[in-house]
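The following note sets out points for a colleague reading the structure. They are numbered so that each may be checked separately.

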Amino acid sequence: MGVRFPSMLKDAALTAFVAAALGIFIVGFRTVDVGSRTGLSFDYQFADLAVAIVTIFVGRLGLSLTAAGLRWPVVALGVAMIGVGASQLKLPSGFLHWFVALGGVMLVIRGIWPWARGTMTAAAGTPTGLALGQAGTKWFGWLLLVAAVLLPFTPAADQKTMDLAVLILTYVMLGWGLNIVVGLAGLLDLGYVAFYAVGAYSYALLSTQHGLGFWTVLPLAGMMAALFGIVLGFPVLRLRGDYLAIVTLGFGEIIRLVLLNWVDFTNGPAGIGSIPGPTLFGAVFSETPPAGKQTVSEMLGITFDGNHRLIFLYYIILMLALITNLFTQRMRRLPVGRAWEALREDETACRALGINPTNTKLTAFAIGAMFAGFAGSFFAAKQRFISPESFAFIESAIILAIVVLGGMGSQIGVVLAAVLLIGLPEWFRDLGNYRMLAFGLAMVLIMVFRPRGLIADRQPSVRLHPAGSGGGP
Amino acid sequence: MSEPLIEIEHLTMRFGGLLAVDDVSFAARSREITAIIGPNGAGKTTVFNCITGFYKPTIGRLTLSGGEREYLLERMLGHEIGQRAKVARTFQNIRLFSGMTVLENLLVAQHNKLMRASGWSVYGLLGLRRFARAEEAAIGLARAWLERIDLLGDADRPAGELPYGAQRRLEIARAMCTEPRLLCLDEPAAGLNPRESAELNQLLVSIRDVDGTGVLLIEHDMSVVMNISNHIVVLDYGRKIAEGAPAEIQSNPAVIRAYLGTDEEGLDG
C-alpha cells in the first residue's frame, strides 16, 4: 500500500484548522475579573491554543500513519510527544504538559495495539500461554492480597498513602457489596449509598448517645441496613430494570433528605461530631488516655505515633472487605447465588422453574445493604464526623461505576476499578480542575477498549470436568 | 383409563375485547403425550400460560392431581406452580440462562430442593457435609440428563454457545430436572432439522415411558405430533374444535377445514 504523505498532511491540517476554529473561543480567550469598577476583560491565551493545535496536528498525522500500517514512526512520534510533555520545556500551563504527554501515550498505544493484540492472541493460544493465563488469574488475587497486607510495612506507607489506601479499600468493600446486587442479581440499584448512610448514622448515634463501642455496633449497623434493605426491597423489587433504578434513586435521596431535615434526631446539616474511633481490645488510639481508658501505646509499650491509628483502620477495612469477598464467593457457589445469576439472565425462566423471584432478589438486596451498613459504620468511626453531605447521589454513582467498569460480577475487577476510579483522581490532584477530565478520559477509554468491564470473564460456579481439559469438542 | 393428571374446565381468557381462549375443556394424563395443535393465533400458548401461571384465567378451573392432594393452579402464584404443583415448561423462544454453563442451568432447576438441603444457605455457608451430599446428588441427576441429551462433554460451556438444537434439548432437560409431574413443551421441534426432530421424538417418548411424566405439547410439526401423541386437542380461534386419538384427528372434517380452509374459501382465495 502506497503511503500518500500529501493527503495525510492535508488531512492533519484540516483537523488542526477545525480544532483552531473550535478552540479559539474556548481556549483562546479567557474572561478575567479586573475589579469591580472596570468589570470583565479579556486575557489572550494564544500560546496555549497554538501548543494544543500543534499537538492535535501531530496526533492526527500519527493516526493516519497508523492506518497506513507504519508502526514504528507512530511510536517514535508518540515517544517524542511524551518527551516534550515530560520535559522542563516552558509550556504556557502545566496542563499542556499533561495534554501533550497523554496524546503521546495514546499514539504509542494505537501504534503498537494491532501488533500487541496479535502477539497476545497468538501467545494465549499456545499451551504455555494458556497455563500462564490460568496461573495469572489464579494467583493475581493472592498477590494483591499479600501486597495489601504488607503495605503498611513498606517505606511507601506515609500518611497520605495510607489515607488513600483506606479510602480505596472502603470503595472496594462497597463495590463488592453492590456487586452482589448489581453484578450477580442484576438489580440496578442507584441508591446504594442510602444503606451506607444508615450504617454510618447507626454507629454515630449509638456511640455518641448511648456510649456503645465500635465492635458492638458493627453487627447492629449491618443488621439495621439489611432491615432497611428488606423494608425498601419488599414493595420495590417486583419492578424491573429502569423502574427499579428510578425507585432506588428516589429512596437514596429520601434517606439523605430525612437525615438533613430531621434535626432533632440527626442534628441535620450540622452533622454528628466527636464520634469515637474503633478500639483495640478496649484501648483507644490517642496520645493521652481519656478517663478510665488505656491508650494502645501504653498497652503495647510502644511510643505514640499518629500513624498507628491509620494503620489500625487500614487493617480493619481490609478485614471487612475480605469478609465481604469471601462471603460473596461462597454465596456464588450456593444455590441462592446461582439463583441470583439466573434471575439476572432470565426472570421468566426462573419463575417457570419454581424459583421465588421476590425472595431471591430480597436476599441479594438485604445482603448487599448489610455490607454497605458495615462499611458505613467504619466510615463514621474513621471520619469521626459525618453529615448528610457525605451520602449524596454521586457516591452511589461512583460505586456503581466501580462495579460496571470492573466487569459485572468480577471480584478482582472491582479492586482494579476502585484503584483506578478513586486512586487516579487523588494522584492527579496536580492537574487541578482538569483531573475530572482525566477521570472522564479513563472511563471513556475503558468503555471503548473493554466494553464489558475490565474483567469480563465469568468463572463457572461449579464444574463437571476439571478446568483446562478443554470442555468437550 | 387412568385418572387425569390435569383437568382443564371451561378455561376462558379474555384480553380486553379479544377472546383468546373461549371455554376450552380437556384433560391430560400421566404416561401420555397430549398434543395441542391449531393454526397460528388459535390460543395454544395462552392455554400454556394459564396452566403455568403466567396469566390468570378470566374464567375456568385448572386442577392438577398430585399424589395425595389436588392443586388448583388458577389460584397459585406463578412460581408456586413450579415449586409445589410441579408443572415445568419450556418456551417457544428458548429461554436458557445463556451466560451460565450447561451444568449450572441444570442445577438452577433443582433450586428448591438444594435450598432446603443448604438450610437456606446456612449449612452451605458453614460447609456442612449434608449440603455437600445433596449437591453431589443434584450434580448426579444433572449428569444423568446430560448423558440422555448427549451433552455431557459440553457441561462446562456457557449454554448460549451451544448450537440451536442442543439448546432445545437442554431446555427440556432443565425442565425435567425440576422432577415435574407435568411437562409443558411449547413448540420443541421448531427450527430443528428432520434428524434432530426424530431424536426429539425419542426423547419425548422416553420421558413419557421411562420417567412417567405427563407431557403437554404444542407443536406444528405433524411428524412429531402424529407419531408420538396419545391424545390430540385441536384449537381454532380460541375454541376447541376437536379432540381424540391421532387417527381420528387426521380424518376429522372440522380439523381439515381449520387447517386448509373450506372449499369455497379455497376457490375464492
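1. In this predicted model, helix 12 (residues 306-332) of chain A and helix 15 (residues 357-383) of chain A have axes that come within 11 Å and cross at roughly 175°. Helix 12 of chain A is therefore roughly antiparallel to helix 15 of chain A. Helix 12 of chain A contributes A:Leu313, A:Ile316, A:Ile317, A:Leu320 and A:Thr324 to the contact, and helix 15 of chain A contributes A:Phe371, A:Phe374, A:Ala375, A:Phe378 and A:Lys382. By class, the residues of this contact are eight nonpolar, one polar and one charged.

2. Helix 6 (residues 159-184) of chain A packs with helix 16 (residues 393-406) of chain A at an angle of about 70°, and their axes are 8 Å apart. An angle from 65 to 115 degrees counts as roughly perpendicular, so helix 6 of chain A is roughly perpendicular to helix 16 of chain A. On the side of helix 6 of chain A, the residues are A:Tyr171, A:Leu174, A:Gly175, A:Leu178, A:Asn179, A:Val182 and A:Gly183. These meet A:Ile399, A:Leu400, A:Ile402, A:Val403 and A:Gly406 of helix 16 of chain A. The contact holds eight nonpolar and four polar residues, and no charged residues.

3. The domain assignment divides chain A into domain 1 (5-125) and domain 2 (160-449). Their C-alpha centres lie 39 Å apart. A:Ala156 is found in the loop between helix 5 (127-150) and helix 6 of chain A. Is A:Ala156 buried or exposed? A:Ala156 counts as exposed because it has 11 C-beta neighbours inside 10 Å, and a residue with 12 or fewer is placed in that class. A:Ala156 and A:Ile24 are 132 residues apart along the chain, and their C-alpha atoms are separated by 44 Å.

4. Chain B contains an open sheet of six strands in the order 6-7-8-3-9-10, with mixed pairing. Strand 6 (87-89) and strand 10 of chain B are the edge strands, each pairing on one side only. From one strand to the next, the twist averages 20°. Strand 7 (residues 182-186) of chain B and strand 8 (residues 214-218) of chain B run parallel and are joined by five bridges. Within this pair, B:Cys184 has B:Leu216 of strand 8 of chain B as its bridge partner. Helix 11 (residues 253-260) of chain B packs on the sheet and touches strand 9 and strand 10 of chain B. The direction of helix 11 of chain B makes about 130° with that of strand 10 of chain B.

5. Strand 9 (residues 231-236) of chain B pairs with strand 10 (residues 239-244) of chain B in the antiparallel sense, over five bridges. B:Val234 is bridged to B:Ala242 in strand 10 of chain B. The two strands form a hairpin with two residues between them. In the turn, B:Tyr237 has a positive phi of about 45°.

6. In chain B, the domain assignment gives domain 1 (23-96 + 165-268) and domain 2 (100-157). The centres of these domains, taken over C-alpha atoms, are separated by 28 Å. Eleven residues of domain 1 of chain B are in contact with eleven residues of domain 2 of chain B. Which helix gives the most to the side of domain 1 of chain B that touches domain 2 of chain B? Helix 7 (residues 164-176) of chain B does, with six residues. That side of domain 1 of chain B divides into seven nonpolar, two polar and two charged residues.

7. The contact between the chains takes 33 residues from chain B and 30 residues from chain A. On the side of chain B, at least two residues each come from helix 2 (78-83), strand 6, helix 3 (102-108), helix 4 (111-117) and helix 5 (122-126). The residues on this side comprise eleven nonpolar, 15 polar and seven charged.

8. B:Gln83 lies in helix 2 of chain B. Leaving aside neighbours within four places in sequence, B:Gln83 is in contact with A:Gly354 and B:Asn112. B:Gln83 and B:Lys113 are 30 residues apart in sequence and 9.3 Å apart in space, C-alpha to C-alpha.

Conventions
Residues are numbered from 1 along each chain as its sequence is written. Chains are lettered from A and ligands numbered from 1 in the order in which they are written. This is a predicted model: local features need pLDDT of at least 70, side-chain atom pairs count only at pLDDT 80 or more; totals for chains, interfaces and linings use all residues. Axes are lines fitted to C-alpha atoms, for helices over the stretch in contact, and angles run from 0 to 180 degrees between N-to-C directions. Helices (H or I, at least four residues) and strands (E, at least two) are DSSP runs, numbered from the N terminus. Angles under 35 degrees count as roughly parallel, over 145 as roughly antiparallel, 65 to 115 as roughly perpendicular and the rest as oblique. Two residues are in contact if their C-beta atoms, placed from the backbone, lie within 7 Å. Ala, Val, Leu, Ile, Met, Phe, Trp, Tyr, Cys and Pro count as nonpolar, Asp, Glu, Lys and Arg as charged, and the others, Gly among them, as polar. Two strands pair if DSSP finds at least two bridges between them. Domain bounds come from an automatic or database domain assignment. A residue is buried if 20 or more other C-beta atoms lie within 10 Å of its own, exposed if 12 or fewer, and partly exposed in between; C-beta atoms are placed from the backbone.
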